[in-house]
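I'd like to walk you through one structure, with a look at its salt bridges and its nonpolar packing. Let me put it on the screen.

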Amino acid sequence: VSTQSTGFILFEEKEPKKFVAGTMDIRSLVAEAFAPTVLILCSEKASQVVGKNRIKVIDLLRPFCHFKKKVILKTPLSNQPLELPEFRIRLVELADMEALRQPDLTDKLLADIVAKEASPEASYGGISHFTKEDAPSLFKQGSGKNYTPWFSSFFLEFLRTFGVSDHEYFQHPIASIFVVSSNEEGKLLDVFLKLFDPQNPPPIFQDGMIDTNFSRFHLLLHDPKEAPAPQADKFFVEMKSTFGGFCQRIDINSFPEPVLCVDT
């Protein structure tokens, strides 16, 4: 796997790193919390095409953002390889970045995460009564049960609620993926300009803290039920001639429309 836009080259080794299921050590926690951020910008039609499968565009791409095998990174200025076990990329949507500026929405997000991840059975490993005094003896038993499965998810999202700032760049997107559909209407450049206009960026970019000159990757989604193949081919050729090699096309299938059966 390689990318030339950032000046880095990634090589994925064959030998995977072993993990213990249900645990998160400090290495994994740091890798998850401070993974490079990539902004997802998708058109309305692209969202509709993927939505027919009852998922979002970010859900479609997220499984490809975790390199479970060892990755070796090399830069043009160094001959020494840098090993990155469990390299990850974190995808974010523009709406999520905007929501971090609203404390009420942030509190609700954290509360929803705890409510989703925690339950009496999951949180306490099947123990009906759990007190602070019980914790040392339970953990010494070494049963392998995770008595606080909600904490990892809560902690990661809590770190991300800090949002972007002017003194660190962990939450700043270093790249973006522009996602469009093969059934888009209008001129190619207008379609992508609607997703992100550098001259008139979204509000979160207007305070000058986030650089709008990030690496851009362009993705075309094609559902044969939404557009004929020649139209998708023409659109993709135009994309490559406009944006160069930083383009990719994914053909997807969608669930058929539900059919109501009426007994007669």
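**Salt bridges and cores**

Let's start with E93, which counts as buried because its relative accessibility is 13%, under the 20% cut-off. Before I go on, please keep in mind that this is a predicted model.

So what does E93 pair with? E93 forms a salt bridge with K56, and the closest N and O atoms are 3.0 Å apart. K56 sits in the loop between α2 (44–51) and α3 (57–61), while E93 belongs to strand β5 (residues 90–93), so this pair ties together parts that are 37 residues apart in sequence.

Let me show you a few more of them.

One is between R249 and D233, with the closest N and O atoms 2.5 Å apart. Here R249 lies in strand β8 (residues 247–251) and D233 in helix α10, so the pair ties together parts that are 16 residues apart in sequence. D233 is partly exposed, at a relative accessible area of 38%.

Next, D59 forms a salt bridge with R62, where the closest N and O atoms are 3.1 Å apart. For this pair, D59 is partly exposed at 31% relative accessibility, and R62 is partly exposed too, with a relative accessible area of 41%.

There is also a network of salt bridges, and it links K52, D223 and E226.

Now let's turn to the nonpolar side. The largest nonpolar core has 20 residues, and the members that touch the most others are V180, F192, F205 and M239. Which elements supply at least two residues each? Those are β2 (37–42), β6 (173–181), α9 (188–195) and α10 (229–243). Helix α9 gives the most to this core, with four residues.

Leaving aside neighbours within four places in sequence, M239 is in contact with V180, L188, F192, H218, L219, L220, G244 and C247. There is a second, separate core as well: it has 16 residues, including V49, V50, L91 and L219.

Note on methods: Residues are numbered from 1 along each chain as its sequence is written. This is a predicted model: local features need pLDDT of at least 70, side-chain atom pairs count only at pLDDT 80 or more; totals for chains, interfaces and linings use all residues. Side-chain values use heavy atoms; hydrogens and water are left out. A nonpolar core is a set of buried Ala, Val, Leu, Ile, Met, Phe, Trp, Tyr and Cys residues joined through side-chain atoms within 4.5 Å. Buried means under 20% relative accessible area, exposed over 50%, partly exposed in between (1.4 Å probe, protein chains only). Contact means heavy atoms within 4.5 Å. A salt bridge is a side-chain nitrogen of Lys or Arg within 4 Å of a carboxyl oxygen of Asp or Glu.
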